[in-house]
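Hi,

Here is the structure I promised to send over. Have a look at it first, and then read on for what I found.

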Amino acid sequence: MNWLTRVARPKLKGILSKRDTPDNLWHKCRSCGEMVFHRDLVAARNVCPSCDYHMRLSPKERFEAVFDGGEYDEIELPDVAQDPLKFRDEKKYTDKLKTARTKTEQKDAVLVAVGALRGIETVVSVQNFAFMGGSLGMAAGEAIIRGAEEAVARKAPYVVFAAAGGARMQEGILSLMQLPRTTIAVEMVKEAGLPYVVVLTDPTTGGVTASYAMLGDVHIAEPGALIGFAGPRVIEQTIREKLPEGFQRAEYLLDHGMVDMVVHRHDLRDTLARVINLLVKKNTWTVSTGAPVENAASEDGQAGITASDAGNLPARLDAGSTGPAEILPPNKSNTKSQMD
Amino acid sequence: MKPPYNAPSQPMRTYLDFEKPIAELEGQAEELRQKSHTLESEGQPIDVAEEIARLEGKAATLLSDTYQKLTPWQKTQVARHPARPHFSNYVDHLIEDFTPLAGDRNFANDQAILGGLGRFNGRSVVVIGHEKGSDTQSRVIHNFGMARPEGYRKAVRLMSLAERFDLPVITLVDTAGAYPGIGAEERGQAEAIARSTDVCLRLGVPIISIVIGEGGSGGALALAAANRVFMLEHSIYAVISPEGCASILWPGSDGAKTQDAATAMKITAQDLENLKIIDGIITEPIGGAHRDPDTIMADMGATIERALKELEGKSPEILRQERRAKFLAIGREGLG
């Protein structure tokens, strides 16, 4: 002990904790290292303003970004057997579930909601990577199926945002059985003549890709998303060589014919709306003002959402050719910009 | 851990590590027999028949005891036994006029999945399955039973052919998993597996699957979304290999947790029957299918025949509906 080590530290922590400020005001971009102010990040839907790196989004943030006016109804999901294998590794599976539930405020990895997407009633399922790596277990499988049933009942298109490391090992063979089960869900939607669109987000690997995530009518990937069956580590260990740059990234999958397009998150909502509109032979693409629908670049920072959306009532696919919103031909310049 | 590969055609028997005591007894009996032959040829016959019978009896009891209480990890080893009968052996025994068909019409002929037309108990069928190979050369040709997308696309092609000509489909599952390689990923391994599962589920003809060895994850499931799914007594079916599971859930355990992973994941035929995932178990001869291939072939033939009889005459729509209902019920019913 000397005077150097005896210095009394100013109690900064004490001062700070008295103020009611979030401790994560700044986020470091994993890609470019830039510090981004949290409000800017939220406004940009978790896309780094300096390098366009697409960070992960929670299901609720997804729903808000996709549905008109950020409004939607969550669909109640069925209960499933808890820990049927009484699985434990270093921790009990039930404890891992508890931790994940506390962290995400979700019961399991997939949430399902229904709402209007540019006026068309749409069912959307979102997988949350933050919940045990988004892993596909019985609960997630039931959620994907529930979403499909809801879409069929409402005659609504079904959009799934996939994100997962793969199947949930703690549920063993029961997790593998979600592959055929979710495949049946996709078949139900397709047989009902409804669009099934998959958005592949970072990362989507393993059993999820080997089932519902690769059976879409249309596959959209977010830029840079890791997408593949075997994880890169497994492949490296098998072939004992370094993998090529960009391997299994969204752009690589586009080059190899596995996805239809790679779409920036700020253009995603409009792209989804356009694809669905075209598939169901509707046109809710522009609203009655005739003005081009604004997208991510809107100055209020509410990427993809404009005030004009909020007033639109959802149009059912089985409704007559005139939806609730007055329909005008698509604005060509706007449509073009979405193609870039 | 794994014993060295030995072709089944070689006279020397391959023993698994837990079979060592059995190997010793069988070895002693064999040695005694050799010795008595030598002595006999030298004109000094000795009567060792009793001693040989005693040793063999002891070995048989030990074998039977051991195989009645195999751990999941031991079953994994039996399922992977190099001398275990593979797809080609079953086809040779059970299918007449087997006419292999090759290629996915897109890229290649993947030899990890074989298939073709043939006659089972008089009726035309389509048979598809993973083939692991039986010696070094054939193992390389068949890529150790690990298929690339072309294998699954060939399966899709053959299933569609079956549908067009109203032929039942029999699949034999035996793979460590789909091959994890650059080319496989490039050409859409995940899509190929998903599509094959989808086609199984939509088939308007009966499809029967038997897990004959390893049912390794999606690569196995792609051929096993069937009306009836059976497993051989010592086969396994899992979402990931015990080794893979251990390396992810017990990082740094360096193989020490493989047995725990095998147990925790519930991968045995008995586990899957309890979980209501499979429709039945085909009992293996004592000591595993490889000790008495003729018996397992006959029993498997009988099981397939029974299942086909139950399904034949059902309309395509009913076959589809029943298959769907069966998979949708998994996990919803019978987990207790």
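One term before we start: a polar contact here is a pair of N or O atoms within 3.5 Å, where, within protein, one has to be able to donate a hydrogen and the other to accept it. Please also keep in mind that this is a predicted model.

I'd begin with R324(B), which sits in helix 14 of chain B, the stretch covering residues 316–329. Its side chain makes a polar contact with the side chain of E191(A), at 2.6 Å. It also pairs up with E187(A): the two side chains meet in a salt bridge, 3.0 Å from N to O. Leaving aside residues up to four places away in sequence, R324(B) touches I184(A), E187(A), M188(A) and E191(A). Is this arginine buried or exposed? R324(B) counts as buried because its relative accessible area is 16%, and the cut-off for buried is under 20%. For a sense of distance within chain B, K20(B) is 304 residues away from R324(B) in sequence, and the two C-alpha atoms are 45 Å apart in space.

Now for the contact between the chains. How many residues does each chain bring to it? Chain A gives 48 residues and chain B gives 46. Together they bury about 4000 Å², and carbon and sulfur atoms account for 73% of that. On the chain A side, M169(A), I173(A) and F229(A) supply 17% of the area that chain A buries against chain B, more than any other three residues. Between the two chains there are four salt bridges, and 12 residue pairs are in polar contact. If you want to find the chain A surface by element, look at helix 5 (138–154), helix 6 (172–176), helix 7 (178–191) and helix 8 (232–239) of chain A, which are the elements giving two or more residues to the side that touches chain B. Helix 7 of chain A has the largest share, with nine residues. Sorted by class, the side of chain A that touches chain B has 29 nonpolar, 10 polar and nine charged residues.

Where they meet, domain 1 of chain B contributes seven residues and domain 2 of chain B contributes eight. About 660 Å² is buried between them, 55% of it on carbon and sulfur atoms.

The side chains of R291(B) and E26(B) meet in a salt bridge at 2.9 Å, N to O. Three residue pairs are in polar contact across the domain interface. Helix 1 (20–41) and helix 2 (49–68) of chain B each give at least two residues to the domain 1 side, and helix 2 of chain B has the largest share, three residues. By class, that side has four nonpolar, one polar and two charged residues.

Cheers

Definitions and conventions:
Residues are numbered from 1 along each chain as its sequence is written. Chains are lettered from A and ligands numbered from 1 in the order in which they are written. This is a predicted model: local features need pLDDT of at least 70, side-chain atom pairs count only at pLDDT 80 or more; totals for chains, interfaces and linings use all residues. Side-chain values use heavy atoms; hydrogens and water are left out. Helices (H or I, at least four residues) and strands (E, at least two) are DSSP runs, numbered from the N terminus. Buried means under 20% relative accessible area, exposed over 50%, partly exposed in between (1.4 Å probe, protein chains only). Contact means heavy atoms within 4.5 Å. Buried area is the accessible area (1.4 Å probe) that two parts lose on being put together, summed over both. Ala, Val, Leu, Ile, Met, Phe, Trp, Tyr, Cys and Pro count as nonpolar, Asp, Glu, Lys and Arg as charged, and the others, Gly among them, as polar.
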